[in-house]
Amino acid sequence: MSHSLSLSAPILHPRALLTPAETREMDQAASLNIEDLMVNAGTMAARIIRQNYKPLKILVACGPGNNGGDGLVLASILKNQGWPVSVTLLKSEPSSYLTKKMLAKWDDPIIPFVPEEAKRFDLVIDALFGAGMNRALPHIVEKFLEAAKRRIAIDLPSGVEGETGLFMGKVAPCEMSICFVRPRPAHYLSPALKICGKIKCADIAMPTSALKAVSPHIWHNDPSLWQLPTQHFDDHKYKRGVVSLVGGKDMPGAAHLSAAAARRVGAGMVRIVTSPEEAPYYRIGSAGLIIDDDLDTSLEDPRREVWICGPGLPHQKAGNVLKKLLDKRKSIIADAGALSWAAGDLSRLKGVKVITPHAGEFARLFPLGDKTRLKAAISAAKELDSVIVLKGEDTIIAAPDGRVAINSHASTALATAGTGDVLTGVIGALLSGGMHPWEASCAAVWIHGQAGQMAAKEYGGWPLAEDVVTFLGKSRHVAEQKMKKQ
Ligand SMILES: NC(=O)C1=CN([C@@H]2O[C@H](COP(=O)(O)OP(=O)(O)OC[C@H]3O[C@@H](n4cnc5c(N)ncnc54)[C@H](OP(=O)(O)O)[C@@H]3O)[C@@H](O)[C@H]2O)[C@@H](O)CC1
Ligand SMILES: Nc1ncnc2c1ncn2[C@@H]1O[C@H](COP(=O)(O)OP(=O)(O)O)[C@@H](O)[C@H]1O
Ligand SMILES: [K+]
């Protein structure tokens with residue numbers, strides 16, 4: 001069964017992500033149980049380590065707050081299981097009373113907190129800072145963690161800011177991050193995404209009343225967030241959805257890639273509108289693609305509701321087309337040329353359903369200022385009243401109502417020209433199938449990422465944008481299978 005995001009308690013969705021502020025709120029609501037929760041966190045972390053490692057010489061590095069307390073609990077458990085475990089403390093006197101209490105139960109000698117000691121162990125558990133990290137990482141912590149041969153993080157690698165994924169100092173990569181209740185946005189956002197290693201999230205029996213005290217608005221993108229339209233026996237091409245694109249003179253490839261992607265992922269009909277001069281060239285292409293040569297006539301057809309504007313269009317032409325599409329109140333996905341046309345004058349995009357900027361296009365539309373990418377995407381979606389698909393290795397999909405999905409289901413193989421046009425086509429097809437713009441965008445980004453992974457596997461890691469297109473049908477099928485399992 002799929003979990004609807006309209007639940008009165010979005011935290012109950014398994015893909016919800018918790019910011020440090022939300023974690024604090026939740027912990028306050030669970031304050032009567034907080035000691036049990038720390039014991040559960042340490043116990044679950046010890047269990048995950050035992051499941052994934054054979055006994056090895058471990059040094060648990062504990063900080064002054066509750067992150068350190070989790071570390072002390074797990075150190076005691078592993079020691080009682082016969083593992084060779086030692087503890088080191090950043091501060092001999094922890095500031096958290098619970099951590100003090102856990103420290104009182106540790107009766108082995110404490111190892112000095114120096115890089116030379118970190119080097120002596122097979123593995124260092126970083127229980128120094130987690131959600132309470134609020135300023136730059138002390139230099140001694142940077143040196144200490146850097147000296148370790150291998151690292152596992154409790155909650156987050158120390159120095160990672162939990163909401164934004166930014167580094168507050170020099171952060172050492174971990175091979176695993178063990179977090180509790182729900183992961184944090186940082187686990188899936190660049191640059192932290194690269195250094196968190198495998199993410200293992202443990203249930204620590206947080207009381208339901210405390211869970212319901214928070215209302216997260218950020219999710220990790222996966223098929224539990226959306227529902228794809230299914231095939232019906234009485235389907236016909238118009239019912240499945242029609243996608244229209246406007247193709248220009250100089251870069252017909254971009255429109256062709258978007259069109260092919262929309263067809264491959266299941267649109268009922270895809271049509272490229274161009275001029276009478278260019279139409280013959282466009283017609284030398286796929287047999288199932290329809291080429292029109294007059295925009296005004298095409299706009300009159302009420303069955304042609306979804307339009308892609310921008311791929312392969314120079315910005316002035318994209319602007320002229322966009323004005324007409326807006327005038328006719330079409331459902332518009334604006335990309336490439338249309339975004340360049342609106343740079344510096346956002347009002348030109350008012351009324352579009354979805355925009356799909358890469359980092360450069362986004363910065364020209366919404367100067368970042370002191371905002372992070374996550375916060376900038378959220379406020380941009382509100383300001384424009386459109387879904388923003390901020391593309392990259394950690395694509396952020398923000399809705400005007402404040403919902404955000406972070407996608408990490410992708411492949412570096414997508415870093416090649418034309419894959420953005422492919423994504424736009426996929427969004428168009430899903431929108432024309434009747435999906436809500438935010439859900440269509442989330443699903444499209446996931447399916448595109450899946451196709452990137454499949455194409456990379458098929459082509460030794462180096463597929464073309466065209467190769468990604470060929471895997472879209474199979475990728476949609478993978479998403480459908482995953483949806484069924486929920
Ligand atoms: N619901 C859950 O998920 C549960 C989570 N749990 C665990 O709790 C952890 C959060 O614990 P936490 O709030 O005590 O914060 P934590 O990260 O230990 O650090 C706070 C201390 O560090 C200090 N400090 C901060 N930054 C610093 C810096 N750069 N350099 C130097 N000092 C710095 C700060 O100092 P202050 O600002 O007070 O001066 C304060 O003393 C969470 O990550 C998880 O592991 C479980 O136990 C139970 C349920
Ligand atoms: N390193 C990467 N990891 C994952 N996805 C990536 C990476 N680099 C690019 N992509 C994806 O590839 C696509 C590139 O889009 P874009 O830059 O607009 O390309 P183009 O305009 O050439 O079609 C986006 O969907 C982006 O998220
Ligand atoms: K940590």
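Me: Which handedness has the β-α-β unit made by strand 2, helix 3 and strand 3?
Reply: This is a predicted model, in which local features need pLDDT of at least 70, side-chain atom pairs count only at pLDDT 80 or more, and totals for chains, interfaces and linings use all residues. Residues are numbered from 1 along each chain as its sequence is written, and chains are lettered from A and ligands numbered from 1 in the order in which they are written. Helices (H or I, at least four residues) and strands (E, at least two) are DSSP runs, numbered from the N terminus; a crossover is right-handed if, with the strands pointing away from the viewer, the path from the first strand over the helix to the second runs clockwise. The unit of strand 2, helix 3 (residues 66–80) and strand 3 is right-handed.

Me: How many bridges join strand 2 to strand 5, and in which sense do the two run?
Reply: Two strands pair if DSSP finds at least two bridges between them. Strand 2 is joined to strand 3 (residues 85–89) by five bridges, in the parallel sense, and L59 stands opposite S86 there. Towards strand 5 (residues 123–127), C62 stands opposite A127. Strand 2 and strand 5 are joined by five bridges and run parallel.

Me: Which residues of strand 2 point the other way from I58, V60 and C62?
Reply: In a regular strand the side chains alternate between the two faces of the sheet. A residue is buried if 20 or more other C-beta atoms lie within 10 Å of its own, exposed if 12 or fewer, and partly exposed in between, with C-beta atoms placed from the backbone. Five of the five residues of strand 2 (residues 58–62) are buried. I58, V60 and C62 point one way, and the other way point L59 and A61.

Me: Which strands are the edge strands of the open sheet of 11 strands?
Reply: The order in this sheet is 1-9-18-17-16-15-14-13-10-11-12, with mixed pairing. Within the sheet, strand 14 (residues 331–334) and strand 15 (residues 354–355) pair in the parallel sense over two bridges, with I333 opposite V354. An edge strand pairs on one side only, and the edge strands are strand 1 (16–17) and strand 12 (290–292).

Me: Which helix gives the most residues to the shell around ligand 1?
Reply: A residue is near a molecule if its C-beta atom, placed from the backbone, lies within 6 Å of it. Ligand 1 is surrounded by 30 residues, the closest being G65, N66, N67, G130 and G132. Two or more residues each come from helix 1 (20–29), helix 2 (34–52) and helix 3. With five residues, the helix that gives the most is helix 3.

Me: How many charged residues are in the shell around ligand 2?
Reply: Ala, Val, Leu, Ile, Met, Phe, Trp, Tyr, Cys and Pro count as nonpolar, Asp, Glu, Lys and Arg as charged, and the others, Gly among them, as polar. Ligand 2 has 16 residues around it, and E393, A410, L414, A415 and G420 come nearest. Five of the shell residues are nonpolar and eight are polar, while the number of charged residues is three.

Me: What is the largest C-alpha distance among the residues that UniProt lists for "binding site"?
Reply: The unreviewed UniProt entry lists K391, G392, E393, D394, T395 and G420. UniProt positions are given in the numbering used here, feature names are shortened, and annotations may be inferred rather than shown by experiment. The listed residues are spread over 30 residues of sequence but cluster in space, with a largest C-alpha distance of 13.9 Å.

Me: Why does K391 count as buried?
Reply: K391 lies in the loop between strand 16 (387–390) and strand 17 (396–398). Its contacts (C-beta atoms, placed from the backbone, within 7 Å) are T356, P357, H358 and G420, not counting residues up to four places away in sequence. K391 is buried because the number of other C-beta atoms within 10 Å is 24.

Me: Is A205 buried or exposed?
Reply: Most residues other than glycine have a negative phi. A205 is not a glycine, yet has a positive phi of about 60 degrees, and it lies in the loop between strand 8 (198–202) and helix 7 (208–211). Because A205 has 12 C-beta neighbours inside 10 Å, it counts as exposed.

Note on methods
Contact = placed C-beta atoms within 7 Å.
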